[in-house]
Amino acid sequence: MKYKKPSLSCLLCLFLLLFFGCDKKDNTVSDDLREKAVKELDQVMQSQESWVKVHAAEYKIWSGYRESVRETFLEEKSKWESQSPYRIGIWRVLAQSDPASEKEYIDKIVKAFQNKQGADRIHAAETMAKLGHNLNEWAPEATQEVLKGPINSLYVYTLWSSLQGEDDISALMDLALDRQLDDLLRMQAAYAIRNEENMIPWDELAREALAVPDNSLARVYLLAAAYVHALENERNSSTFHSIKEELLAYKNAPNKGERMEMAIALGKAGQAGDLPVLKDLLENKNPLEEPVAPENAGPLGQANADIRATAAYSILTLDRRQEHTLALADWLMVIFYLAGMVGIGYYFSKKNKNEKDYYLGGGKMNPIAVGLSLFATLLSSLSYLSYPGEMVKYGPVIFSGILVFPLIYYVVGWFLIPKFMKLRVTSAYEILEINLGVSIRLLATFFFLSLRFLWMGTIIFITVHTAILAIFGFDPKYTLIISVLLMGITIFYTTLGGLKAVVFTDVIQSGVLMGGAILTLLVVSYTFGSFTSWIPDEWLGHWGELKFGLDAMERLTIGNALLTTFVWYVASSGSDQMSIQRFLATENVQTARKTFGVSLITTFVVQTLLGLVGLAVLAYFIAFPQYMGPGESVATHADQLFPKFILVGLPVGISGLVAAGILAAAMSSLSSGLNSTSSVISEDLIKRFTKNYKAPKNQMSSVRNLSFFVGVFALVLSVLISRVEGNLYDVIVKVVNLFVSPLFVLFFMALFVPFATARGTFWGGIGSVGMAVAIAFFKFMGIEVLFIMPVSLLVGMVLGSFFSFLDVKVLGNPETMAKRSREAAIFKASSEKE
C-alpha cells in the first residue's frame with residue numbers, strides 16, 4: 001500500500017484535537033451534588049441551634065464556602081456570648097471566619113481555659129487543639145498544672161492541644177490503646193488522634209481498632225483513626241479492608257456521633273466509590289428514630305441535621321482530594337520548550353571566540369535585548385511565584401512600591417551608571433579595588449558569591465517544591481532528580497553559549513512570562529464574565545489593616561513598600577555583578593541608561609500583571625474552592641494558588657505553556673547567575689591567587705568548566721537550604737536578599753565617601769551583615785522582615801563612614817591619598833586602552 005503524506009489541514013486538526021480535545025477537570029463529585037452539599041451546610045447553619053450550628057459553620061469554613069458565616073456568628077455572639085459552653089463554639093467560629101480579630105477570640109478562649117471553676121474548660125482546650133494553637137505557649141502554667149493532674153477529659157484535650165513531639169503523640173496513643181482506661185477517655189483520645197496530621201503508628205492502632213468490643217464508645221473512633229492514618233502501601237492489605245468494612249457498618253448506627261465519625265473518615269481517606277454512602281446520609285434516607293444517647297441529647301431534628309451537615313462536609317472534602325494532572329499536550333509543550341533552550345545554547349556556542357565574548361557578549365549588544373535580559377534576571381521564578389502569593393495573602397500594598405520607579409531610574413541612571421561606565425572592567429568588583437584595595441574587593445566577592453549561591457539554591461528549591469511538584473504532580477521523593485534535571489539543562493545551554501545565549505533566551509522567556517500572566521487573566525475573566533468582576537470591591541479581611549506611614553514594627557505599610565522597593569533596586573543595580581555586567585555590555589552611558597529604563601518599564605508592566613494575577617486566582621479559588629486540597633485556604637496556601645491554577649484552571653496546552661514559563665523564569669535567572677558568578681570567581685579569585693597565571697590554551701573550555709562547577713555547587717546548596725518561616729516573599733527577603741545591602745555598602749563607600757578607608761569600609765560591611773542576620777532570624781528589636789535591607793544599609797553606611805573618619809582623623813591612616821593615586825593611575829590606563 002502506497003504511503004500518502006498527510007495534508008496540512010489534517011495535521012492542524014490533529015494538533016487542535018491534541019491540545020484542546022480533552023478536559024482535565026474530570027471531577028469526582030458532580031456539580032449538582034456539590035451544590036446540594038453546600039446548600040445543606042448553609043441551611044443547617046441558618047436553621048439549627050447551638051453546637052449543630054457551630055459544626056455546620058466550621059464545615060463551611062473548612063470546605064472553602066465561607067459566605068455569611070461571620071455575619072451569622074456575630075449575631076450569635078450578641079445573643080449568647082455569656083452562655084457556657086456555647087460561647088466557646090461562637091468564638092471558635094469567629095476566630096476562623098474573621099482573621100483580623102483571631103487573636104481577640106483566642107484570648108477569650110485561653111481565659112476560659114485558665115478559669116479553674118469555669119464550666120467550659122474542656123471545650124476551651126478542645127477548641128485550642130482544633131485551631132492548631134499550643135496551650136503550652138498561650139497558658140503554660142495552667143497547661144502544666146492540668147497535665148500533672150488526674151487523667152480526665154480536660155487532661156486528654158489539654159494534652160492534644162500541647163503536642164510538641166513524638167513523646168506527646170505516644171502519650172496520646174497510650175491513652176487510646178489503654179484497655180483499663182475509661183471508655184469515654186479512650187474515645188476522646190482516639191478522636192484527637194484521628195484529627196492529627198502527624199505520623200501515627202498505624203499497625204498498633206489498627207490491631208486495637210479491630211479488637212475493641214462492639215459496644216465500646218471508642219470503637220468507631222479507633223476505626224476512623226486507623227482508616228485515616230493508614231499508610232499508602234497498607235491500603236490493599238486485608239487489615240485495612242477489615243477496618244473499612246467495620247467502619248461502614250456504622251452508616252446506620254443508632255448514635256449520631258458514630259455516623260458522623262464514619263462520614264468524616266470517609267471524607268478524609270475514602271474514594272469515589274464511597275459517595276453513595278455519604279449521599280444516603282446527606283439525603284437522610286435512614287434517619288435516627290430511636291432516642292439519642294445521653295451524650296447527644298437534643299431534638300431528633302437537630303441530630304439528623306448534624307449528620308446531614310457532616311455528610312455534606314465529607315462529600316466536599318472528598319471532592320477536594322481529587323488529583324489533577326497535566327495532559328499529554330502540556331507535557332509536549334514543556335519538552336518542546338526545554339529542547340529549544342538547549343538548541344539556542346548550542347547555536348551561540350559557535351559564536352563565542354574568546355572570554356570577552358563569553359562573559360560580555362563582545363561588549364556591543366543591543367540595549368533593548370540586554371534590558372529585557374536584565375528584567376528577566378531580576379524577575380526570577382521566585383518573583384513570578386511570590387508576587388501573586390503576596391497579593392493573595394497580604395493584598396496590593398507591596399505593589400505600591402512601583403510608584404517609586406521614576407526616582408529609582410534617576411538615582412541609578414545619573415549617579416551610579418556613569419560611575420561604572422568610566423571603567424571598562426570584566427568584574428564589577430575591580431572598581432572596589434581601584435578605590436579601596438584588594439581586601440575590600442575580596443570582601444565584596446565573598447558577599448556576592450554568598451548572595452548568588454543562596455539565590456540560585458533558593459530558586460531551585462522553591463521552583464521545584466512550590467511549582468513543579470504542584471503542577472506536574474511528581475512525588476516529593478523525586479525532588480533531587482528534578483532539581484538535577486532543571487539545573488543540568490540550564491548549565492548545558494549556559495556553558496555552551498555564554499552571555500549571548502543568556503540574553504537571547506532571556507528575551508524569549510520574558511515573553512513567555514508576560515504571556516502566561518496575560519493568559520491567566522483572560523481565562524479568569526472569561527470564567528467570571530468580565531475583566532472587572534473578579535476584582536474585589538472591598539478590602540478583604542485576611543489582608544489586615546491598610547496603613548500608610550513608615551513603621552519598622554509593621555510588616556506592610558505603603559511607606560514600607562516604597563522604601564523597600566527603592567533600597568532593593570538601588571542596592572542591586574549599584575552592586576550586583578549581574579546588573580553591572582549588563583551595563584558594561586552596552587556601548588556608553590546613554591545605552592546603559594536605556595538598558596536600565598527598559599528593565600524598569602518591563603518590570604513595572606509585569607509586576608502589575610502578576611499583582612492582577614494574584615487577584616484573579618484569589619477570586620477563582622474563592623469561587624471554586626473544590627480545586628484546593630483539604631484543609632487549604634486562600635490565606636494559608638497563598639503561594640500555591642497560582643501553580644495550582646495553572647494545573648486546574650487553564651485549558652489543555654496552555655497549562656503546559658505557563659508551566660514552561662515558570663521553568664523559563666527559573667532557568668533565566670539560573671543562567672545569569674551561572675554566568676556572572678563564574679565571571680567573578682574567574683577574575684577575582686582564580687586569576688588573582690594563581691601564581692604565574694597563564695590563560696589556558698582552550699580558554700572557552702576553561703570558563704565553561706567553571707560555570708559547570710558553579711552550577712553543581714548551587715544545586716548541592718539547594719538541597720541543604722532549610723525551611724524558613726514566613727510566606728514565599730518573606731523567605732526571599734530573609735535568605736536571598738540577606739547580602740544585598742551589605743554589598744552595596746562597599747560600593748557606596750568606594751564611590752561616594754571621599755575619606756573612605758579599607759578598614760572603615762570592612763567594618764561597615766560586617767556590621768551591615770550582622771544587622772541583616774539579627775533582623776531576619778532573631779527579630780532584633782521587633783523589626784519586621786521588609787526592613788532588613790533599609791536598616792542594614794543604614795547601619796553599614798553609618799558604621800563605614802564613622803570608622804573611616806576615625807581611621808583618617810584619629811589614627812592618621814594615609815590610605816586615602818594612596819587610594820586617590822591608584823584611582824588616577826587606573827583611569828589613565830583605561831583611557832589609553834580606549
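1. Helices (H or I, at least four residues) and strands (E, at least two) are DSSP runs, numbered from the N terminus. On that basis, the protein has 37 helices and zero strands. Please keep in mind that this is a predicted model: local features need pLDDT of at least 70, side-chain atom pairs count only at pLDDT 80 or more, and totals for chains, interfaces and linings use all residues. Residues are numbered from 1 along each chain as its sequence is written, and side-chain values use heavy atoms, with hydrogens and water left out.

2. Now the overall packing. Of the 834 residues in the protein, 58% are buried; buried means under 20% relative accessible area, exposed over 50%, and partly exposed in between (1.4 Å probe, protein chains only). Taking contacts (heavy atoms within 4.5 Å) with a separation of 6 or more, 78% are between residues 24 or more positions apart.

3. Leu33, Arg34, Ala37, Glu40, Leu41, Val44 and Met45 are buried in H2. Viewed down the axis of H2, these buried residues fall within an arc of 125°, so they line one face of the helix; the arc is that of the directions from the helix axis to the C-beta atoms. Asp31, Asp32 and Lys39, on the other side of H2, are exposed.

4. Gln626, in the loop between helix H29 (589-623) and helix H30 (638-648), counts as buried at 8% relative accessibility. Leaving aside neighbours within four places in sequence, Gln626 is in contact with Arg34, Tyr65, Asp319 and Arg320. The side chains of Gln626 and Tyr65 are joined by a polar contact of 3.4 Å. For a polar contact, a pair of N or O atoms lies within 3.5 Å; within protein, one must be able to donate a hydrogen and the other to accept it, and residues adjacent in sequence count only if both atoms are side-chain atoms.

5. On to the aromatic rings. A search of the whole structure finds 35 aromatic pairs. One of them is Phe748 with Phe752, a tilted pair at 6.0 Å centre to centre and 35° between the planes. Rings of Phe, Tyr and Trp (its six-membered ring) pair if their centres lie within 6.5 Å; planes under 30 degrees apart count as stacked, over 60 as edge-to-face and the rest as tilted. Phe748 and Phe752 are four residues apart in helix H34 (residues 740-752), so about one helical turn separates them. Phe748 is partly exposed at 22% relative accessibility, and Phe752 is partly exposed at 30%. Elsewhere, Tyr409, Tyr410, Trp414, Phe415, Phe583 and Phe596 form one aromatic cluster.

6. Finally, some backbone points to check. Most residues other than glycine have a negative phi, and most peptide bonds are trans. Ser84 and Pro85 are joined by a cis peptide bond, with omega about 0°; Pro85 is in the loop between helix H4 (69-80) and helix H5 (86-97). Ser68, in the loop between helix H3 (50-63) and H4, has a positive phi of about 70° although it is not a glycine. Ser68 is partly exposed, with a relative accessible area of 28%.
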